[in-house]
There are 6 protein chains.
Amino acid sequence: MRPSGRALDELRNISMEPGYAKNAEGSCFIKCGDTHVLCTASVEERVPPFLRNSGKGWVTAEYGMLPRSTGSRMGREAARGKQQGRTVEIQRLIGRSLRALVNIEGFGERQITVDCDVIQADGGTRTASITGAYVALYQAFDKLVEQGKILEVPMKGQVAAVSCGLYKGNPVLDLDYPEDSNAQADANFVLTSNGHIIEIQGTAEEDPFSEAQFGSLFSLAKKGVSELCAMQREALGI
Amino acid sequence: MRPSGRALDELRNISMEPGYAKNAEGSCFIKCGDTHVLCTASVEERVPPFLRNSGKGWVTAEYGMLPRSTGSRMGREAARGKQQGRTVEIQRLIGRSLRALVNIEGFGERQITVDCDVIQADGGTRTASITGAYVALYQAFDKLVEQGKILEVPMKGQVAAVSCGLYKGNPVLDLDYPEDSNAQADANFVLTSNGHIIEIQGTAEEDPFSEAQFGSLFSLAKKGVSELCAMQREALGI
Amino acid sequence: MRPSGRALDELRNISMEPGYAKNAEGSCFIKCGDTHVLCTASVEERVPPFLRNSGKGWVTAEYGMLPRSTGSRMGREAARGKQQGRTVEIQRLIGRSLRALVNIEGFGERQITVDCDVIQADGGTRTASITGAYVALYQAFDKLVEQGKILEVPMKGQVAAVSCGLYKGNPVLDLDYPEDSNAQADANFVLTSNGHIIEIQGTAEEDPFSEAQFGSLFSLAKKGVSELCAMQREALGI
Amino acid sequence: MRPSGRALDELRNISMEPGYAKNAEGSCFIKCGDTHVLCTASVEERVPPFLRNSGKGWVTAEYGMLPRSTGSRMGREAARGKQQGRTVEIQRLIGRSLRALVNIEGFGERQITVDCDVIQADGGTRTASITGAYVALYQAFDKLVEQGKILEVPMKGQVAAVSCGLYKGNPVLDLDYPEDSNAQADANFVLTSNGHIIEIQGTAEEDPFSEAQFGSLFSLAKKGVSELCAMQREALGI
Amino acid sequence: MRPSGRALDELRNISMEPGYAKNAEGSCFIKCGDTHVLCTASVEERVPPFLRNSGKGWVTAEYGMLPRSTGSRMGREAARGKQQGRTVEIQRLIGRSLRALVNIEGFGERQITVDCDVIQADGGTRTASITGAYVALYQAFDKLVEQGKILEVPMKGQVAAVSCGLYKGNPVLDLDYPEDSNAQADANFVLTSNGHIIEIQGTAEEDPFSEAQFGSLFSLAKKGVSELCAMQREALGI
Amino acid sequence: MRPSGRALDELRNISMEPGYAKNAEGSCFIKCGDTHVLCTASVEERVPPFLRNSGKGWVTAEYGMLPRSTGSRMGREAARGKQQGRTVEIQRLIGRSLRALVNIEGFGERQITVDCDVIQADGGTRTASITGAYVALYQAFDKLVEQGKILEVPMKGQVAAVSCGLYKGNPVLDLDYPEDSNAQADANFVLTSNGHIIEIQGTAEEDPFSEAQFGSLFSLAKKGVSELCAMQREALGI
C-alpha cells in the first residue's frame, strides 16, 4: 500500500556515519532513505552574553537546505537575505530537543552549535536532523571527555525523532516525501529512548482527526524511535 | 495551589468583543485574563500569485506584540528589521489553524489576512490569538454574505485553542504567565468544538514526560476548548 | 461646513486614559475622535553608549500603526523588514518634542522609551501621539518620584500638539481624515501650554500659501493646544 | 558677531553650476560657502505603478552624503544596509518641495529622479539641495522642451530654501555649521520666489521660542530666498 | 618541501562523481584532497527579464560553504542576512567562467543555475568549484539533449581551474590550506583545455612579485588544468 | 582606430588634485578623461577588534558610485539596502592593493579608511580609484608625520593601476567606456612603480585569449603605470 512497498510500521533504510566531517568536533552524516543530512557539532570556548560567568554552557542548532536538495531548486536563503519561517521553526525545534537532555551545568562555559544541513531531501528532514544531531553532539561531548576538559558526557538520556502520519486512512511510520505530501495528518515525535515525550507536533493536513488516531501514530513513533536509538548506540559504539 | 487561585480545570475570565475595530471587515478584541489581543480580518480582492485564476481564496495570519505588552520592553521588530523566530512560528500556526476549517473554494479569489496584535501579554497569547481570530474571520465572512458576495460562511467547523501544562506536578488548564514560566511541560491544543485535533504542540520544559501525563493535558484542553467555543458562538450570536 | 459638523475652531471629542497598560511604568490611551493611540513609557536603567558615565538620561520615541488601523490594510513593517520613511519621520518628531521639555540631567542614567502605537487611525495620529506621550512620560517620571529614585518630575513645561489646515478655503482646527485628505495646506503645531513653539511643520498640499494664512492656522493651534493641555492636567490630576 | 563675520541677514557666497554632470539630463553643482551639493535630474520613460495609464508624470528625490563630506567620517549607508532616519526625512522634504510646483500633467508619463549628493558639508545641506534641485529639474524639463517632447517647462513657479536660526539671541540668515550646532532654534523655509510657503519646519533646539521670534526668522528667510531665486534665474539664463 | 610531500608540480588526489545529487539535472561531487564541493546544475524553463523573448538562455552560479566546512565554525550567511564579499566575488567568478564557454543561443530560453556548496574546505574551493561546475553543467546539457530538447551540448570548449602560488620561494601547483595561508603570492587560473585564458587573478600576499615569477605560475597552471580536463572527460565518459 | 583618436599606448588626459576635500586628512580628486573619482582618506584613532593591543594599524577601502555618474541612472545602493556584488569586489581590490604596500606596524593603532566615490563614470573607475587612493593615503600619512605622530610615511613603494584590453584585435591602454563595452578581453593591472605585480585580473569577454596576448597587455600596463606614478609624485611634490 505504501509507495515504497514498506510495511506500515517499517522505517526506511537508515545509516549513520559519525565523524564524517574532518574539521568538526562531532559529526554525523545520516541517511534515512533518500533524505541525507550532515550534522556537525562545533564547540566554542564562549557562551552567549546571558550566560557569562554563570558556569553554564549552551547548546543551539541551525538548519539549512542546499538549494538543489529538493525536487525543484529553492532560492538560497543567504542570497535572499533571510531565513524562511520554516527554517527558523525547524532549527528552534532541534535546539529545544537537544537542550532537553543536556545538563547545561556539566560542560563549563562552552557553546556547542549543531548545524544540520540537508544535502538531499525526501521527507522527514527535521526528524532526521534531530536523530543525527544527537550523535554529533554526543561525539563532541565525548571529545571533551577524551581531552580531559569534562569528566563525563553531560546528557541525561538519548533522543531520536520520527514522523508518522495518516496515509490513505492508515497510520504509517516514517513518511517519505510522496507520503508526506499526500497525508491526511502528520505528526513529528521527539522522544527519549524509553518513549517519554520531549516534543510532539501534530497537524491535520485535511480534516481534523481524532484522539484515537493520534494514539495510533504515537504507538508507531515509539516503535520507530526505539529502533533509531539502537542504531545511534551502535554508531557511537556505546 | 495556582497563583491565581483558579481551580485546576478553570479558564481565566474571558471576554470577546467582535467589531472592536471600526475599519476592519471583521475583528475581535479578546481578553483572557490579562492577556489582551486585538484580532482583525482584512478582506482583499486579490490572491497570491500561486492561486490566480484558480477560483480559490486564501487565508493567512500575522502576529505581533506591542513593545511594552510584556513585563519588560521588547525591541520593536519593525525597528530591528526582522521578525523573531517565535513570531514567525506563531503566525504560521494561526494561519494553519484557520485554513484547516476554511473551504478555500467557498469565497472566490479573495485573500483574508488575520492580524493578531498583542496589546497586553500574560501568557497564552498564541492560543488567545487563535480563539479570537476565529471570531474575526467569521465576522468577515459574514459580512461577505450580507453583501451578497458569497452565499454562506465557508467554514466547516469551529476552532479554539488553549494551553495546558504540568505545574507543580498537576495538570492545569489555561496557563497564565507565572504558571507558564514555571511549568514542567506545556502543550498548546488547537481543537474543533467537538474535540478533534487541528494542531497539537507539546514540549517538555524540564524532564521528558509520559504519554499518560500528555493524556491528562488533552482532557483538560477538550473541556477548555468546549467552553471557549460556546463563548465564541455567544459573541457572534450564532 | 466640516464633514463632522464641528465648528472651525472645535477639537474632536478627546479622552485620555492614563495607566491603561498594566505592564508599563507610564501609559496613556488617547482617543481624538476615531483616532486611538496607545502610548507607553518604559524606563530602563541604562543609557545609550554616548551618554554612559555622563550622569544624564535619555528620552526616545518609537511609532507604529497596527496593520488594520487604517481604512485599507497596510503591510506590517516588521514583515517587510523596514520602517517606512513616514514612520521614521514621525518617531523622530515625537522624540524631539519630548526632549525639548525634559531636563536630561534630572533623572539619572536612565533611558525612557515612549512607544506610540496607533490602534485606529482617522487623521492626526502624530499629534495625538505627542499629546498622549506627554501624559505617559509624566506618569513614568512620577513613578520614579514615588519610588524615591528622583526628587521631582524633570520637565520644564507641558507639551501638546494639534494639526490645523486650510479646508475649502477656511482655516480649521484638528483635521480628521476626510479633511486631511482634501486640505489645501496643513500644519502640525507642537506647542507648550503657554503657546511657545517646540516644533512647527507646515506643508502646502496644493498651491503655496501665504504668511497670513499660516498666521490664522497658528492662532487656531494655540487655542487647541491650550485645551489639550488642560485635559492632560485633568487626566494626570495635576 | 557671526563666526564667519557675515551680517545677520547675509547669505554665504553662493555659486551654481548647471550642466556639471555630463551624463544627466539636468544638473547643478551648488556651493553655499563650504557646503557643496551635486544635484542631478534623471528622466526615465516610465512612472511608478500607481500612475500607469494616468497620463501623469512623477518627480521624486533622493539624498546622500559622501562618507567624508563631514568633519568626522560617517558610516556609508550602503554598507550599513539602510538609510538613516535623517536621510529619509530630507529626501522626502526635497521631493515634496519640487512636486509642489510641478504640474504633473504637463510632461507625460515620465519619472524624474533628482539626486542630491553632498560632496562637502558645512551646514544647510537640505536647503542647498532644494535650491540646487530646482535648477537641475528646470534644466531637465528644458531639455525635454528642446527635444520637442513637451511644449513648455511644467512648473508653476520657482522654489528655493534657506535656514534661519536664533544664534546668541539674534535671528540670523543661512546658518553654517558652527552656527547650526549652537543655535537656540532653527527653521528651514522652502518658499516660492514671491515668498509663499511650500514647507516650513521650525524646531526649538533649547528652550521653546515665541511666535514673534518665529516671525523674525520668516522675514530673513524671505529676503534670502528672494536672492537665491535671482541667482537661480541667472544660472539658468531665464 | 611541501607540507603534503607532493612534488612542486603535483595536483592533490582528485575525484569527480557526476550524478551524485538525485534531484538535480546535473551534478558533480568533486574532491581535491580534503576540499570537497558539491556542484549541482538546475535547469529552469525561464530566463531573467532582460532575456525574455530573446531566444537566449542564461547560466549563473551561486556559492556557499557549510558553516563547519572550515577549521573553525563560520557564521551561517543565511542567519546573518547577507552574503559576504568573498562569497559574492567567488560566485561571480564561477558564473563568468562558465558563460565564457557556453553558447547562450544554443539551449533556448532556459536558465541553468549551478550551485557550488563546499562540504569541506582545505584551500582551493573556488577552483574546485569551477572544475566541478563544468561537469555538472555538461551533464545538465546532456540531459536536455537526451530529452530531445536541444540537438547538442552548447559549449565551445572545456574549462577547469587551479591555483598556483609562490611558497617558500618556489612556484607550486594546487595549493592546499597550509600552503595557501603561507604563500607569498597566489594566482587562480581559469583556462581552457588548450591553455587559453578565461580568467586570471593574481595577488601578492607579501611583497609584489615579478612578471617572470608570474610566468612560472602560469606554466604550472597549464599543466594542472590539462590534467584536470582529462579527468573531467573521463568522469563524463566523453 | 580608437574612438577617442588616442594612440594604442596612450593614456587619457589625467589630472590629480590632492587636498580637494576640506574635511579629510588626505584626499585626491582624480580625473582620467571623463572618469572622475573623489578619493578621501580618513584617519581614526582605533582599529578593528582583531588588531586591538597588537600595535598594528589597518587600511581599508570603500567604493561607491553616485546614482547618475553613469549614462543611465543606477538605483542608489543605500536605498536598496545592499551593496552590489560589483561594488564589494571593487572595494576589496582597492583595500588589498593599498595594504600590499603599507607597513601596518608603522603608524600605530589607527585605522585609515579610503573612500573612492565615482562622481562621473566613463570606464576604468576601479583603476582610477586605486591610483587616486594612493595619493589620498600618502597625504593622510604625511599629515601624521607633520603632526609628529609618526616618523615617516609607512609605505614600501608606490602603486597605480590601469586597464588594458583587446579592442578590434589590438592591445590598447586605458580603456574608456566605448572601448570597455566592446573589448574582446580586458585586464586590470595593479603594479608598483617598478612594474612588479600587486594584483592582476584578466577576463575574456568573448573568446578565450592566449598567453602571448596577455603578455602584450602587460607591456602596455607597465608603460601606463610608470606614467601614472610620475604624475602621482608630481601631484604630491615628492
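1. In this predicted model, 37 residues of chain E are in contact with 38 residues of chain A. The area buried between chain E and chain A is about 2,800 Å², and carbon and sulfur atoms account for 45% of that figure.

2. The interface of chain E and chain A contains 14 salt bridges by the rule applied. The count of residue pairs in polar contact between chain E and chain A is 22. On the side of chain E that touches chain A, the elements giving two or more residues are β3 (35-44), β4 (58-65), α1 (77-80) and β5 (111-120) of chain E. Of these, β5(E) gives the most, with six residues.

3. A:Asp115 and E:Arg76 meet through their side chains at 2.7 Å, N to O. E:Asp34 forms a salt bridge with A:Lys22, with the closest N and O atoms 2.8 Å apart. This pair crosses between chains, from the loop between β2 (26-32) and β3 of chain E to the loop between β1 (14-18) and β2 (26-32) of chain A. E:Asp34 counts as partly exposed, at 31% relative accessibility. E:Arg73 forms a salt bridge with A:Glu62, where the closest N and O atoms are 3.2 Å apart. E:Arg73 lies in the loop between β4 and α1 of chain E and A:Glu62 in strand β4 (residues 58-65) of chain A, so the pair joins two chains. Both partners count as buried: E:Arg73 has 18% relative accessibility, and A:Glu62 has 17%.

4. Chain E also has a salt bridge to chain F. The side chains of E:Arg92 and F:Glu89 meet at 2.6 Å, N to O. E:Arg92 lies in helix α2 (residues 85-99) of chain E and F:Glu89 in helix α2 (residues 85-99) of chain F, so this pair joins two chains. E:Arg92 is partly exposed at 30% relative accessibility, while F:Glu89 is buried at 10%. Within chain A, salt bridges that share partners join A:Arg2, A:Arg6, A:Arg12, A:Asp122, A:Asp174, A:Asp176 and A:Glu179 into one network. Over all chains, the structure holds 124 salt bridges.

5. E:Arg12 lies in the segment before β1 (14-18) of chain E. It counts as buried because its relative accessibility is 8%, under the 20% cut-off. Its side chain reaches the backbone oxygen of E:Gly123 at 3.2 Å, and a polar atom of that side chain lies 3.4 Å from the backbone oxygen of E:Cys32. Beyond its neighbours within four places in sequence, E:Arg12 has contacts including E:Arg6, E:Thr35, E:Asp122, E:Asp174 and E:Asp176.

6. A:Gln201 is in strand β9 (residues 197-204) of chain A and counts as buried at 10% relative accessibility. Leaving out residues up to four places away in sequence, A:Gln201 touches residues of chain A, among them A:Leu93, A:Arg96 and A:Arg126, as well as B:Ile200 and B:Gln201.

7. Chain B has an open sheet of five strands in the order β1-β2-β3-β5-β4, with mixed pairing. β1 (14-18) and β4 (58-65) of chain B are at the edges with a single partner strand each, so one side of each has no neighbour in the sheet. Neighbouring strands are turned by 15 degrees against each other on average, direction ignored. β4(B) pairs with strand β5 (residues 111-120) of chain B in the parallel sense over eight bridges; B:Ala61 has B:Val114 in β5(B) as its bridge partner. Helix α2 (residues 85-99) of chain B packs on the sheet, touching β4 and β5 of chain B, and its direction makes about 145 degrees with that of β4(B).

Note on methods: Residues numbered from 1 in each chain as written. Chains lettered and ligands numbered in written order. Predicted model: local features only at pLDDT ≥ 70, side-chain atom pairs only at ≥ 80, totals over all residues. Heavy atoms only, no water. Helix = DSSP H or I, 4+ residues; strand = E, 2+ residues; numbered from the N terminus. Buried < 20%, exposed > 50% of the residue type's maximum accessible area, 1.4 Å probe, protein only. Polar contact = N/O pair within 3.5 Å; in protein donor to acceptor, adjacent residues only side chain to side chain. Contact = heavy atoms within 4.5 Å. Pairing = 2+ DSSP bridges. Axes fitted to C-alpha atoms, helices over the stretch in contact; angles between N-to-C directions. Buried area = accessible area lost by both parts, 1.4 Å probe. Salt bridge = Lys/Arg side-chain N within 4 Å of Asp/Glu carboxyl O.
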